[in-house]
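Please consider the sequence and the model shown here.

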Amino acid sequence: MRPIRISLVFLGSLKYPVSIAQLESWPSKVFKLHHSASVGHLPNSEGPDWEYTDEQLLHVIANDVEADFTMGLINAPLEDNYYIRRLSDRVGVLSLHEMADIARYSNFAVEQYILRNIYEMAVLFSANGKLIPDDYESWAHDETRGCLFDMNANKTDIVFSLHRPVLCPACRTRVSSRQVPAALLPALDAELTRIQKTLFVRMSDWVRSHPIWALAITAASGLLLNLLASFIFEQAKKVLPWLG
Ligand SMILES: [Zn+2]
């Protein structure tokens, strides 16, 4: 399976730092990201509520002909209050507006949010004859299932598909009904589990949800350390009698 080549274009100030190295080095058989270009300063938004319209963005983001498709990254509202939009068959845009705050508040990295959505677009691209379909919104389901295709009409629901997102059975069936590379679904299963909170945050979450166990483990660890220290001290006294 040849990875889908995706060109990333940064649009204006993203406000939060985004690790290009982490995105470009993400090990994946599904896609390969490449930060190809940036637009330093954006024009003022043309939408009535200070949002950037699809038509306006199509004039800002150029399709990278060396990539299978191009994704713009912006930190501003998009048309109809979506956070991800398809602009043409080969150009999409992902917004960090509000979403980066939601992700960071729940201890997710902005890069995780970006990767999760890149996987969503990559699956669409792969399942639709190498074109991002006109009706891509119809893939999304209103129910929040921790799936790549959760609609997340309530934007805060994104957090349920930022930690080890999945393809729910309905979406898996939909992908399977298209001609996709045989290795796509196994690769997705293996790779989506790597989109997760850091070990420190996972440990903190575990302690919060298991306070009694955490206390018991702390007490047992303290006792063991005490015994170990006593043992070492007794052994040290035999070698260095002046210690006693
Ligand atoms: Zn689904």
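The model is predicted. Its largest nonpolar core comprises 50 residues, of which Met71, Ile118 and Ala122 touch the most other members. At least two residues of this core come from each of strand 1 (4-11), strand 2 (31-39), strand 3 (69-74), strand 5 (91-95), helix 3 (99-105), helix 4 (110-127) and helix 5 (169-176). Helix 4 makes the greatest contribution to this core, with eleven residues. When residues up to four places away in sequence are not counted, Ile118 touches Ile6, Phe31, Leu33 and Met71.

Helix 5 may be examined through Val175, which lies in it. Is Val175 buried or exposed? Val175 has 20 other C-beta atoms within 10 Å; because the criterion for a buried residue is 20 or more, Val175 is classed as buried. Leaving aside residues up to four places away in sequence, Val175 touches Val123, Ala127, Leu167, Val180 and Leu185. For one of these, Ala127, the separation along the chain is 48 residues, while the C-alpha atoms of Val175 and Ala127 are separated by 6.0 Å.

Helix 8 is hardly covered: among its 29 residues, the count of buried residues is zero.

Definitions and conventions: Residues numbered from 1 in each chain as written. Predicted model: local features only at pLDDT ≥ 70, side-chain atom pairs only at ≥ 80, totals over all residues. Buried ≥ 20, exposed ≤ 12 C-beta atoms within 10 Å, placed from the backbone. Helix = DSSP H or I, 4+ residues; strand = E, 2+ residues; numbered from the N terminus. Core = buried A, V, L, I, M, F, W, Y, C linked by C-beta atoms within 7 Å. Contact = placed C-beta atoms within 7 Å.
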